[in-house]
Amino acid sequence: MNNSIKKILFLTGTRADFSKIKSLIQALEKQQNFEVYVFVTGMHLQEVYGYTLIEIERCNFKNIHTFKNHTHETTMDLTLAKTIEGLSAYCKDVNPDMIVVHGDRVETLAGAIVGSLNNILVAHIEGGEVSGTVDELIRHSVSKLSHIHFVSNKQAQKRLIQMGEIKESIFTIGSPDVDIMFSDQLPELITAKAYYKIDFEKYAIVMFHPVTTEIKEMEQYVKNFVTSLLEDNHNYVVIFPNNDLGSQFILEEYERLKGNERFRIFPSLRFEYFLALLKNSQFIIGNSSAGIREAPYYGIPIINIGTRQQNRAVHADIINIDYSENEIKEALSIIDSHKIQNIEDDFGQGNSNQLFLECLKKDDIWQLNHQKQFRDI
């Protein structure tokens, strides 16, 4: 890489995507040739979801910019429009050489649109994966708007090539949250429990998100889910959903869990503390990607409800069920005797940040054509 300093702008809108880019930002901040900017928006600035901007500020990054993209009436399309407006203004100030986005959120799409329409290189983390719901449409749209792809595995690379992306623009670095999962930064279980005042000896984790494409049924689905949990006898650490359309139904139902001594409910958990709790849990239930990404690495049983993670897991050991009370109760009745199969890990070796940094230090990446072409297979 020539000696000019490159300005890299990372965008984060949720605790989930921040856990994926944190190790990458940390790696770049230590380098003299890079100037890092972090644009913080979305759930991070919402009190109801735990105001997770605090987590980002704890990292002491040099340049953090916050932008509030939510109003009470906001639908996902309006959030997209507002985020584009805020990020576009910030890019005019900073003039970045590259915008790094992660995954499949509307904020991600905003980042890719602002970059591609302003002739700024867009790098997309974890493109080429499949998921259920509207997220899948967003993820593949972002891939088409991105110039550079940092993917988790060979299957993702293959899908991007199938979508007409050029092989030279795809770099397999694994999943960056694995860097944190196996780092020495994780607190002991006793520390995590004390921090959150969790006094259960044994417990399971609950993470249930709305599915925007099933919004009409969502209210009933979450009723079934909460009823099943109330009639069960495990202890639960419950974490609020993301803020997609339908999250209100979930938050309203969680009111029924309050005051019940088998439940501890949190808007959000610090990622390292969450991992310590997950690693030592009996199982995880719901429809979070943590169930198909992090849990298998730790050998934790998973009850996956509904369609949100459809086709997403490759080698994980998962009990897949529908939204009915019968199936949820059935799964809960067998989970304690469920023996975990060994899984082949397919999301890297925990050195994504190093691989990412090596890519950015090479000239090739900076010489990729901003003018994208569809590559026929």
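Q: Quick one: does Ser337 count as buried or exposed?
A: Ser337 counts as exposed, because its relative accessibility is 52%. The cut-offs are under 20% relative accessible area for buried and over 50% for exposed, with partly exposed in between (1.4 Å probe, protein chains only).

Q: What are the ground rules for this model?
A: This is a predicted model: local features need pLDDT of at least 70, side-chain atom pairs count only at pLDDT 80 or more, and totals for chains, interfaces and linings use all residues. Residues are numbered from 1 along each chain as its sequence is written, and side-chain values use heavy atoms, with hydrogens and water left out.

Q: Where is Ser337 found?
A: Ser337 sits in the loop between H14 and helix H15 (352-361). Helices (H or I, at least four residues) and strands (E, at least two) are DSSP runs, numbered from the N terminus.

Q: What separates the C-alpha atoms of Ser337 and Thr133?
A: A distance of 31 Å. Along the chain, Ser337 and Thr133 are 204 residues apart.

Q: And Ser268, buried or exposed?
A: Ser268 counts as buried, because its relative accessibility is 13%. Ser268 lies in the loop between strand E10 (263-266) and H11.

Q: Which residues is Ser268 in contact with, leaving aside neighbours within four places in sequence?
A: Arg15, Tyr49, Gly50, Thr52, Tyr196 and Ile239. Contact means heavy atoms within 4.5 Å.

Q: That loop runs to H11. How many residues of H11 are buried?
A: 8 of the 9 residues of helix H11 (residues 271-279) are buried, so the rest of the structure largely encloses this helix. Among the buried residues are Phe271, Glu272, Tyr273 and Phe274.

Q: Switching to the sheet. What is the strand order?
A: E3-E2-E1-E4-E5-E6-E7. These 7 strands form an open sheet with parallel pairing. Two strands pair if DSSP finds at least two bridges between them.

Q: Which are the edge strands?
A: Strand E3 (64-66) and strand E7 (170-172), each pairing on one side only. From one strand to the next, the twist averages 20°.

Q: Over how many bridges do E1 and E2 pair?
A: Strand E1 (residues 6-12) and strand E2 (residues 34-40) pair over 7 bridges, in the parallel sense. Thr12 stands opposite Val40 in E2.

Q: Which strands does H1 lie across?
A: Helix H1 (residues 15-29) lies across E1, E2, strand E4 (98-102) and strand E5 (121-125), at about 160° to E1. Axes are lines fitted to C-alpha atoms, for helices over the stretch in contact, and angles run from 0 to 180 degrees between N-to-C directions.

Q: What about H3?
A: Helix H3 (residues 76-94) lies across E1, E2, E3 and E4, running at about 155° to E2.

Q: How do H3 and H4 cross?
A: At roughly 45°, and the axes of H3 and helix H4 (residues 106-117) come within 8 Å. H3 and H4 are therefore oblique to each other. Angles under 35 degrees count as roughly parallel, over 145 as roughly antiparallel, 65 to 115 as roughly perpendicular and the rest as oblique.

Q: Which residues make that contact?
A: Met76, Thr79 and Leu80 of H3 are among them, as are Val106, Glu107 and Leu109 of H4.

Q: Last pair. How far apart are the axes of H9 and H14?
A: 9 Å, with helix H9 (residues 215-230) and helix H14 (residues 325-334) packing at about 35°. Asn224, Phe225, Thr227 and Ser228 in H9 meet Glu325, Ile328, Lys329 and Leu332 in H14.
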